[in-house]
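Biologist: I have a model open and want to learn how to read its side chains. Where do I begin?

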Amino acid sequence: MGKRRHNKQPFTQLSKKQKKHLKEFGEEHPFHDVVHERPERTEILELAASPEHSDAEPGDPEEVEDEEPEQKTAYQKLLSTLSQAVSKDQSEESTDEEEEEEEEEELVDEGKFPIHLFSLGTGKANMLNNVLLLTAGDSDGVEDEEEEEEPEDAGEALTQAVGEEEKEAGDEEFIDEQHESQFCLETSFMGEAGQEDPEHTDEPDNKDMFSQHLDSELSEEDVQKITSGSKTKTPITWPKVGALLCTSPLERFGTVGSQKDTNLPVFHKLLEASLKNINQTLSTKAQAEEVSPLQLEMLALMGTYKDVYYPEACPLKRGPQVRSAYCLHVLNHVLKANSWVLAHNAQLRERKSQAEADTEPQDEPRDQGLTRPKVLILVPFRGGALHIVQRLISLLETKGKKVGVSNKKRFKDEFGENPDDKPPNLQRPEDYHAIFSGNVDDHFRIGVSIIRSSIRLYSPFYSSDIIIASPLGLRTVLGADGEKKRDFDFLSSIEMLVVDQTDVFLMQNWEHVLHVMKHMNLQPLDSHGVDFSRVRMWNLNNWAKHYRQTLLFSSIQDPQINNIFTKHCANYRGQISTKNIPKTGSICQVLVQLPHVFQMFSSDSFMDHDARFQFFIDKVLPQYRDSVMSHTLIYIPSYFDYIRLRNHMKKEDMNFASLCEYSSKSEVSRNRHFFLKGDKQFLLFTERFHFYKRYTVKGIQNLIFYGLPSYPHFYSEVCNMLAAGGQGEEASWTCTALYSRYDAHKLAAITGAQRAGQMLHSNKTVHLFITGGEDKDS
């Protein structure tokens, strides 16, 4: 690797490890080089393939490639700083030489070469090709190239640098540090140029539910009553939302009244005209739609600052309307909270300027949390985050007034849809296009700060008012127990949690949602520069979870979503949930003539997978093992049940194929073909595969629902696939569905509430429905 210095140690003075390295590689390890005092320019080179371009000895067994000097990168800058530290630490290295030799010997035994040669992961290996880090001489004519000596922690520093660059390349995470002072609450004041009139925001209206909610003081007895779980329940019906169930842990805060008796929330001055333009971004026409009655009722319910659960936000029509409504509610909350802080900043500055020596000190207003983030919005895809930010901007743009948005172009590039990624002429249902329109990346997070009528995107979390993220994007930041690098303090003072498209999270990874919920409103581990004299007392008492409003929006009823609402939400003002009963089920949308056999099995809990599996292999599967019952598709909602059933079929040596969300395109095509031709008797079909692909499987003659679908329209879609294959006689088609008493919501959505009630309370365990003609049940 170049000529050695004249003052290097003779061969007889080398250690055993040094001799071993010299024998194997024909040179001393670069750790033991004596580095020149003058720092040298660092370059990243690749070894040359030809001998004339290589510094290796002729006897060196290693083959090297042509060196291609690359452009100056972060690694070069990092090594240039490390080279300066080498000269300072050179004396210390001599005393720690034995420790270094032991560490290097371990690395050599493991086949690793510290610092100068290292292997990266598959993603980075293609980029760097196992680069060799060398130090080149000055351009003044230094003839001998000498390797630069690295300190002990250089490998760790390089690994960290590689990790940071990988993170930037993979996540493309960008933090806006440029506009920090402009959007800082501590240094901003009310009444400055460009700000709203302080007369309107000096103190919140006592009739405003925003101030009533945050200013209410709880006692220890109130907190104990909330945590005990005792609640009063009151049913009520509104015209558009439908049947509501109101629960109140504290009687003095009451329940919600009728729709006529419930007023809309008091809007911030900047949003007074936004109610008329709430659907501005929803309409493609020149004139936006007017605010709908559903949106007015949702705004009235959210304005009570009770937790709201609305499971009828379908992605086609009601979902976009609900999203516009909660965006207005979120923006109203943030603007009021920030205006309150800015007004108090101006008051405190005025007090200090007029303060006299004999003036008694006054208590500072308590208007803040332990951290600045107030709202957390969880959405499954980047496209949803793009729509939310667009709505926030459009709500602030009133009367032709443009809103200053920092990093807007970068945001559109990262969260917008790439036209090349969208497959042409995709024949899918309308709800599929509504869910998967736009950017469908599920790993993202972005901070948004709002001051006056200006919006800052990509703000650091601790300088943000709103955090928009996916559960996976937050999970990578929150970390897990035992991890060194983790942070969840920014969730300590969240006053409003919005979980949009909650049903889609069931199709992703529900554990990420539960992980986020477990880290909500915990006491922070660091102060993060907060002024404790202005922190609300209920934040200091660790009661923030009782003041947090949670808004859950979904298109289906599901026990796991209900569990979030009942177990992880403890709002002292109570909860409001929609309890509409489906009159007609999705079985009415089945177009083929088909007998539907619903078999009930006994189960001890919702999560009792053993009872379902045992009932299936003992009672159902033996009926279909005969070769006559070919072309049988088994629909499995849970991936874990799919794995269990697949392993059982492999053990029993059954003739089957499978389609799951992890199947490759070649596997999907091959298994669909085998099933159509009858080469495979069974086809295991997971619900997530149908959710993400919506392929039409041809050749089905017998259909088994291992569990009822989470989405009721999936039942009719899968049943209608029988008509697509043209296999067999229509009279020979069969359909069997398994259910337990814990599947009441799913059963009611498929068969209708009245029939579901009869089936659950009947002494019979088998019920028959026939579609394609007159409905019959027994």
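Modeller: Begin with burial. A residue counts as buried when its relative accessible area is under 20%. Keep in mind that this model is predicted.

Biologist: Is Thr686 buried or exposed?

Modeller: Thr686 has a relative accessible area of 1%, so it is buried. It lies in strand 17, residues 682–686.

Biologist: What is Thr686 in contact with, leaving aside its neighbours within four places in sequence?

Modeller: Ile636, Tyr642, Leu659, Cys660 and Glu661.

Biologist: How many aromatic pairs does the structure hold?

Modeller: There are 29. To read a pair, check the ring centres, then the angle between planes; over 60 degrees is edge-to-face. Take Tyr462 and Phe490: their ring centres are 6.2 Å apart and their planes are at 85°, so this pair is edge-to-face.

Biologist: Which parts does the pair tie together?

Modeller: Tyr462 is in the loop between strand 9 (454–457) and strand 10 (466–469), and Phe490 is in the loop between helix 14 (471–478) and strand 11 (496–499), so the pair ties together parts 28 residues apart in sequence. Tyr462 is partly exposed at 26% relative accessible area, whereas Phe490 is buried at 1%.

Biologist: Which residue lies over the face of Phe415?

Modeller: Arg382, at 4.6 Å from the ring centre. Likewise, Arg428 lies over the face of Tyr432, at 6.0 Å from the ring centre.

Definitions and conventions. Residues are numbered from 1 along each chain as its sequence is written. This is a predicted model: local features need pLDDT of at least 70, side-chain atom pairs count only at pLDDT 80 or more; totals for chains, interfaces and linings use all residues. Side-chain values use heavy atoms; hydrogens and water are left out. Rings of Phe, Tyr and Trp (its six-membered ring) pair if their centres lie within 6.5 Å; planes under 30 degrees apart count as stacked, over 60 as edge-to-face and the rest as tilted. Helices (H or I, at least four residues) and strands (E, at least two) are DSSP runs, numbered from the N terminus. Buried means under 20% relative accessible area, exposed over 50%, partly exposed in between (1.4 Å probe, protein chains only). A charge sits over a ring if NZ of Lys or CZ of Arg is within 6 Å of the ring centre and within 35 degrees of the ring normal. Contact means heavy atoms within 4.5 Å.
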